[in-house]
Amino acid sequence: MDQHVSAGSTTTIVGRLALGVTLLAFGLGHTAVIDGVTAGDAVTLARHVGGIALFLVGLLALRDGDTASGTAFTAFGALWFTWASAASGGRVSANAAGLFLLLFALVALSLAAADGDPLTRGGHGLFAVSLLLIAVAVFSESTALVKAGGWFAVAAGAVVWYSATAALAHWPTALPRGRAGRRATAA
């Protein structure tokens, strides 16, 4: 395996850990794979770790000049804080909740298209799909789409968590290149 490791700053690693844990809790709650655990159970974690902590980490990343991570973490921090606030009080209609998720799916899609390492972009892309599926599920009242969206959030959380852990543990983050790729770069 290629030993390329994109360490990133400490701020980026903390942000990725916070995002990964929040995505895992949010996703597992939507899958209903653990008996008695729902998405509503992730509200406190989403508000404090995904919302407040992630937003603050994003501000620190922006202060350090890391525009990509700063933008992602502050945007996702706002998403999680707002989602947790709305989910805990039931203050919005189902259609408003679906629209909210759809709009943040666009934010996640923009972040997936931005420059960055493949793991981060992949995590953002998986999260965009998750939000899109859950938004459509809210509009159509489809439990199957909610579960599918939950699994995409779990996958996104695992990818983001791995990218943070790989940076800390100096694990590889790039796939090995095939022989043809090596010859083309050697020529």
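Author: In the secondary-structure terms used here, helices are DSSP runs of H or I with at least four residues, strands are runs of E with at least two, and both are numbered from the N terminus. This is a predicted model, in which local features need pLDDT of at least 70 and side-chain atom pairs count only at pLDDT 80 or more, while totals for chains, interfaces and linings use all residues. Residues are numbered from 1 along each chain as its sequence is written, and side-chain values use heavy atoms, with hydrogens and water left out.

Reader: How many helices and strands does the protein have?

Author: The protein has 7 helices and 0 strands, and from the N terminus on its elements run α-α-α-α-α-α-α.

Reader: Why are α1 and α2 called roughly antiparallel?

Author: The axes of helix α1 (residues 10–31) and α2 pack at an angle of about 155° and lie 9 Å apart; here axes are lines fitted to C-alpha atoms, for helices over the stretch in contact, and angles run from 0 to 180 degrees between N-to-C directions. Angles under 35 degrees count as roughly parallel, over 145 as roughly antiparallel, 65 to 115 as roughly perpendicular and the rest as oblique. With an angle of about 155°, α1 and α2 are therefore roughly antiparallel to each other.

Reader: What is the handedness of the crossing of α5 and α6, and why are these two helices called roughly antiparallel?

Author: Helices α5 (118–140) and α6 (143–169) pack at about 160°, with axes 8 Å apart, and they are therefore roughly antiparallel as well. Their crossing is left-handed, a term that applies if the near helix is turned anticlockwise from the far one by less than a right angle, clockwise being right-handed. In the other pair, α1 likewise passes α2 in a left-handed crossing.

Reader: What makes Glu141 stand out in its backbone, and why is this residue called exposed?

Author: Glu141 has a positive phi of about 55° although it is not a glycine, and its place is in the loop between α5 and α6. Buried means under 20% relative accessible area, exposed over 50%, and partly exposed in between (1.4 Å probe, protein chains only). At 73% relative accessibility, Glu141 therefore counts as exposed.

Reader: Why does Ala32 fall into its own accessibility class, and which class is that?

Author: Ala32, in the loop between α1 and α2, has a relative accessible area of 46%, and for that reason is partly exposed. Its phi is also positive, near 60°, in a residue other than glycine.

Reader: How do you know that Arg16 and Asp117 form a salt bridge?

Author: A salt bridge is a side-chain nitrogen of Lys or Arg within 4 Å of a carboxyl oxygen of Asp or Glu, and the closest N and O atoms of Arg16 and Asp117 are 3.0 Å apart. The pair links distant parts of the chain, with Arg16 in helix α1 and Asp117 in the loop between α4 (94–113) and α5, 101 residues apart. Both residues are buried.

Reader: How many salt bridges does the structure hold, and which other pair meets in one?

Author: The structure holds 2 salt bridges, and the side chains of Arg63 and Asp64 meet in one at 3.5 Å, N to O. Arg63 counts as exposed because its relative accessibility is 65%, whereas Asp64, at 48%, counts as partly exposed.

Reader: Why is Asp115 called exposed?

Author: Asp115, in the loop between α4 and α5, is exposed because its relative accessible area is 74%. Asp115 and Ala68 are 7.7 Å apart, C-alpha to C-alpha, and 47 residues apart in sequence.
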